[in-house]
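Dear colleague,

I am handing over the structure below, and after it you will find my notes on what turned up when I went through it. Please read them alongside the coordinates.

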Amino acid sequence: MTCHIDSADTDADGFYIYGWYIDDGSVKLSVFDPKGNPLSFELKKTRRPDVHEAFPENKREEIIGFKLVCEGGVQAKVRLRFYSASGQRDVPVTLIRNRFGKMLYCFRTECVRLKSVLSRDGIRAMVGALWDAVILRGADPYEVWCRKNRLTRCKRREQRAHSFSYEPKISIVVPLYRTQPEFLRRLADSVRSQTYENWELCLSDGSGDSSPLSSLLSQLEKKDDRIRVVRNHEALRISENTNRALEISTGDFIAFADHDDLLAPDALYECAAALNEDRTIDALYTDEDKVDPEGKSYFQPHFKSDLNIDLLRSMNYICHLFVVKREILEQVGSLNPDYDGAQDYDFILRCAEKTKNIKHIPKILYHWRAHPDSTAENPESKEYAFEAGARAIQAHYDRLGIRANVTQTDYSGAYRTRYELQTQPLVSVIIPNKDHTEDLDKCIRSIEAKSAYRNIEYIVVENNSEQPETFAYYKKLEQENKKVRVVCWREKGFNFPAINNFGVSFAKGEYILLLNNDTEIIREDCIEELLGYCMRPDVGAVGARLYYEDGTIQHAGVVVGLGGVAGHAFVGFPHDAVGYFRRIIVAQDYSAVTAACMMVKKSVFEEVGGFNTDLAVAFNDIDLCLKIRQAGYLIVYNPYAELNHYESKSRGYEDNEEKIARFQSEIEYFTDTWSDFLKKGDPYYSPHLTLAKNDFSLSL
């Protein structure tokens, strides 16, 4: 019987145990105290996709994660007994701390931490840490994160005293229009508080002759000679207004800010630091959050991906703070009034066309003020901006000569791209199969019945089936559908990479669609959606959005490093969930996608040597994607290619110890091979988000 206890602990009311087991349909669980007396408990079952990754031959529903809760008293030790039709297994569990012991342990741990903070950062920092430990216990997670990651006074002093070998001037350009004076004052104060001092603040007042800002602007000019103002006699729209500020700027780099927002005190310092590390950077952007009208409460942090061109074509995820080299500005031109409302989006897209050397600084350095009139608080207040956004993306494709059509989605500010197929290349669908003809039949019939794309061939890789009716089905299938060819893999033992490599060797198509036999396409344009992206010269492979049988998310991209190795994003989320900043529902680049449904250029597959046969069961698709990325191609997740993935498996049970040993060896092989990548972190996933869960929640 295969089972495992992950963790156990106590609280004031009792104890709880986390773990998992594989259920053959007959497993039951009991708990006993040290004297052998049975205890009453509640068992909360959960999905464990990480365990399923280790035991892919088991059906998803056979792998049971659980949280066992037992109230009514703390035990020093307990014994879990797993019963099944084949026998039983006892697992002793030590609950290390009773209530008093747990309190003592927490107290000692906190004392050690505070002592370390005192010796390293001084008494003021220690008091702040004590505040975090006591006052913020139970607070909002982002509030806790902010406290832990705040810029200390000591750090501010260090940054102010630091001299860079390269100190570019950064011009912050801001259009004003009847701005609330207090908001403008706070913006100016946030700029004047920067720890990097080679800046200028260029303000253009587009309020017209009756501007209510005249007096305040004069005060700001007198207060700091780095603040420059252009006064306009006529009322200006946002692009013209920003361009007037650009005209008076003299900086080596240009930063864009809104008139009611705030810069973090180290925003420009971090930009300068990045430019000193790499003098070839042409543009930078940072993470951001929102701040309430009073400027006191921060919320909704956006921890962004590194440069992600397909995400940028789906939404303006870059937004603030965006900083660009003057030479790039001169190449692309100033803001275009034709895209007012999305003028910054259009500008960023034009910059991305001129350079790929755009650096992401994964720090919250910009605070977007949310008040009733702002887009941050009420996106529908600027619906015209979202229409302009669609036009900006369309113009971007037109400039690049890419045949594509852009439409708005049901979610404001999120866009969909449909690529026009200029040709209809042959797509070779590779489907490994062992028995399970019902699954295979459903998979092929779904394509035949639903898919609008017809230039397809099917290569079914027969993998040591044992049932005579399977071969009868193959014969009938080939007779009824001339696009189907069954090829036989005769090596013993399950090796997913070798089976697929064998299947691809028979493919005649320019494009390979790797497909599990337990998948079913949902929409008629599924193959066109995959093909549209895959036909781009910069793309190597494309993945789909997959659902479990109950409609919840099974795959929406892969985060490398999740769970220690790699894991699917947003597993178990509801069918209609949008995810962290809509990342379930928009096309974007990822480091990897699952081979349960992956389209790849045959030429690229051959260029990187296909699948690695040393990874017989686990992580071979992740390894393939990373090799494709290493060769210079993008991996795209396209949520509009949708399939159900039933996850029935054609493999039988093996010896448990053998499976565990095999899985562990594949983990070690993968982590050794890609150790540098894992150390640096997935570029499409923020270092501030957890690797313990797949929900893009904060790492605290």
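In strand β5, G65 is the bridge partner of W20, and this pair belongs to the antiparallel pairing of β2 with β5 (residues 63–71), which is made through nine bridges. Please bear in mind throughout that this is a predicted model. Strand β2 is also joined to β1 (residues 3–10), again in the antiparallel sense, by seven bridges, and there D9 stands opposite Y16 of β2. Because seven of the nine residues of β2 (residues 14–22) are buried, this strand is largely enclosed by the rest of the structure.

Strand β22 pairs in the parallel sense with β19 (residues 427–433) over four bridges, where L513 is the partner of V429, and it runs antiparallel to β29 (residues 597–601), to which five bridges join it, with V600 as the partner of I512.

On the surface, finally, R124, R153, R156 and R157 gather in a patch of positive charge, to which helix α5 (residues 153–161) gives the most, with three residues. R156 lies in that helix and, because its relative accessibility is 33%, counts as partly exposed.

With best regards

Terms used
Residues are numbered from 1 along each chain as its sequence is written. This is a predicted model: local features need pLDDT of at least 70, side-chain atom pairs count only at pLDDT 80 or more; totals for chains, interfaces and linings use all residues. Side-chain values use heavy atoms; hydrogens and water are left out. Patches are made of residues with over 30% relative accessible area and no salt bridge: like charges are joined within 9 Å, nonpolar side chains (Val, Leu, Ile, Met, Phe, Trp, Tyr) within 5 Å. Accessible areas come from the Shrake-Rupley method with a 1.4 Å probe; for residues, only the protein chains shown count as cover. A salt bridge is a side-chain nitrogen of Lys or Arg within 4 Å of a carboxyl oxygen of Asp or Glu. Lys and Arg count as positive and Asp and Glu as negative; His and the chain ends are not counted. The place of a charge is taken as NZ of Lys, CZ of Arg, CG of Asp or CD of Glu. Helices (H or I, at least four residues) and strands (E, at least two) are DSSP runs, numbered from the N terminus. Buried means under 20% relative accessible area, exposed over 50%, partly exposed in between (1.4 Å probe, protein chains only). Two strands pair if DSSP finds at least two bridges between them.
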